[in-house]
Each structure stands twice: as structure tokens, then as C-alpha cells.
Amino acid sequence: MAKAQYAILRFSKYKGPEIGRIEAHDERTKEKYASNPDVDTNRSALNFHLIQPEHSYREEAQRQIAEAGCRVRSDSVKLVEVLIGGTPSFFKDKTQEQIREYFEHALEFLKQKQRAETFVSAVVHLDEKTSHMHVTFVPLTEDNRLSAKESQWQSAYWEHMVSKYPDLERGESANKTDRKHIPPRVFKEMTHLAKQSRKIEAVMDDANVFNAKGKLQEVE
């Protein structure tokens, strides 16, 4: 029996200092990634962009926010990162062109939900165990407000992807699996821990013999 294949869509939100480290990971600007052993830098040349960043993530976010003239609070989310992926078996026998088509189709969905001019980067990573794409955008609304409250995108995303890839299944569906819903408190804690783990990875990727003490304090 073939294993189920799922379309993956995950959101992370960033307010400032960590944006540069997220960019370093997504854009592969470092020679080594000690915190993520799955990265094979010998294969990094296979990575490709569907949206090429014109400036640094932080500079682009600041530029868009300034031009929008919107109100910015200290806790405002300035950049949203979307992880697009799938189960390893889905990509197993696909060519690079077929992989590109998959991520192009996924990006079409995001462009239906978010203003095209707010996108900063869309980069596909083929140098890890499972192919995936990082898409970053500044969460500006049509009326130039900063709002990172993505609505019910999961169901709509699955419907969009399954229209082209009918073998994909809907991982969030509890009705079909008879699984109990995760209590909201537990789900929020899981989400928080996943985000903290991603931040720690980014900090450790910047660590070296000269700044190790400071990086350890930052992680703590």
C-alpha cells in the first residue's frame, strides 16, 4: 500500500532581529550550517528562485513599510515566511522540471492571497533530504496595513494543489482519520516551540569561535 502524500503549508512570522538570520538560511549565504545537518552544501547549486530578492530581506521590508506609510508598532510582524513542501515520497521520482512546476503551482496560490508586490523571495531548496520552498513577503494589506493574520488558507491551499495533483491528501482532515482534535492550548504550545527551534537554528548558524559566548547567551 502506497504511503499517503501530503501538501505542506506552514507559516512563521518575524518582527525584526531574526530576519537577517532567516535570510542567511533561505538564501544559503553561509558556507556551513552546523545547526541543520540535512543541508548538503555540495548540492546547493541545484537550488533555484521563483522570485529573486532585489535587496536584503530587512531592507525590502523597511522599504515597503515606509512607502506604505502604515502604522508600525514594536510588536508588528514585518516579514512572513511560508514553508511549502510535501512528503518525501511525493518528490521521489520527479524531475527537476516537475519539481519546479509543483512549486510554481503553489506560488500561484499565495499570489491569490497576498499582493504580488509584497513578495520578497521564493527559493526552492534541493540540497536537503526533502525538496521544499521558502516564500517570504511583507504582510501588507490592500489598504496598506501591516496584518499577518492569515485566514483559513489551509483548506483552500489543499484544494488548489489537488486540482493539479489529485494524489495529494489533506493532512489536516480529522474527519477522515477519526483522530481527535489537538486542544488549542497544546497546538499553540507546539507552534511556539517549532518557531523557537527555528530561531535557535538561525542563531547557531551564525556562531563561530569568536562570538560563541554571545550566541550562547542569545540562545539562552
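Me: In this predicted model, which residue of E6 is the bridge partner of Tyr-6?

Reply: Strand E1, residues 5–14, and strand E6, residues 168–169, pair in the parallel sense, and two bridges join them. Within that pairing, the partner of Tyr-6 in E6 is Glu-169.

Me: How many bridges join E1 to E3, and which residue of E3 is the bridge partner of Tyr-14?

Reply: E1 and E3 run antiparallel, and the bridges between them number eight. For Tyr-14, the bridge partner in E3 is Leu-79.

Me: Which residue of E5 does Glu-81 stand opposite?

Reply: E3 runs antiparallel to E5, and five bridges join the two strands. E3 is also mostly covered, with seven of its eight residues buried. Across from Glu-81, the residue in E5 is Thr-136.

Me: In what order do the six strands of the open sheet stand, and which strands are at the edges?

Reply: The pairing in this open sheet of six strands is mixed, and the order is E2-E4-E5-E3-E1-E6. A strand at the edge has a single partner strand, so one of its sides is left without a neighbour in the sheet, and the strands in that position are E2 (48–51) and E6.

Me: Which residue of E4 is the bridge partner of His-49?

Reply: E2 and E4 pair in the antiparallel sense, with three bridges between them. In that pairing, the residue of E4 that partners His-49 is Val-123.

Me: At about what angle does helix H4 run to E2?

Reply: Helix H4, residues 96–113, lies across E1, E2, E3, E4, E5 and E6. Relative to E2, H4 runs at about 30 degrees.

Me: What is the distance of the polar contact between the side chains of Arg-115 and Asn-144?

Reply: Leaving aside its neighbours within four places in sequence, Arg-115 is in contact with Leu-140, Thr-141, Glu-142 and Asn-144. A polar atom of the Arg-115 side chain lies 2.4 Å from the backbone oxygen of Thr-141. The polar contact that the Arg-115 side chain makes with the side chain of Asn-144 has a distance of 3.2 Å.

Me: How far apart are the end C-alpha atoms of helix H2?

Reply: Helix H2 has twelve residues, 57–68, and at 1.5 Å a residue it should span 16 Å.

Me: Where around H2 are its buried residues, on the same side or on opposite sides?

Reply: The buried residues of H2 are Tyr-57, Glu-60, Ala-61, Gln-64, Ile-65 and Ala-68. Because they cover an arc of only 125 degrees around the axis, they lie on the same side of H2.

Me: Which residues are exposed on the other side of H2?

Reply: The buried residues of H2 are covered by elements including helix H1 (19–26), strand E3 (79–86), strand E4 (119–125) and strand E5 (132–137). On the other side of H2, the exposed residues are Ala-66 and Glu-67.

Me: What is the phi of Gly-69, the residue that follows H2?

Reply: Gly-69 comes after H2, and its phi is positive, near 65 degrees.

Definitions and conventions. Residues are numbered from 1 along each chain as its sequence is written. This is a predicted model: local features need pLDDT of at least 70, side-chain atom pairs count only at pLDDT 80 or more; totals for chains, interfaces and linings use all residues. Side-chain values use heavy atoms; hydrogens and water are left out. Helices (H or I, at least four residues) and strands (E, at least two) are DSSP runs, numbered from the N terminus. The expected span of a helix is 1.5 Å times one less than its number of residues. Buried means under 20% relative accessible area, exposed over 50%, partly exposed in between (1.4 Å probe, protein chains only). The arc is that of the directions from the helix axis to the C-beta atoms. Contact means heavy atoms within 4.5 Å. Two strands pair if DSSP finds at least two bridges between them. Axes are lines fitted to C-alpha atoms, for helices over the stretch in contact, and angles run from 0 to 180 degrees between N-to-C directions. A polar contact is a pair of N or O atoms within 3.5 Å; within protein, one must be able to donate a hydrogen and the other to accept it, and residues adjacent in sequence count only if both atoms are side-chain atoms.
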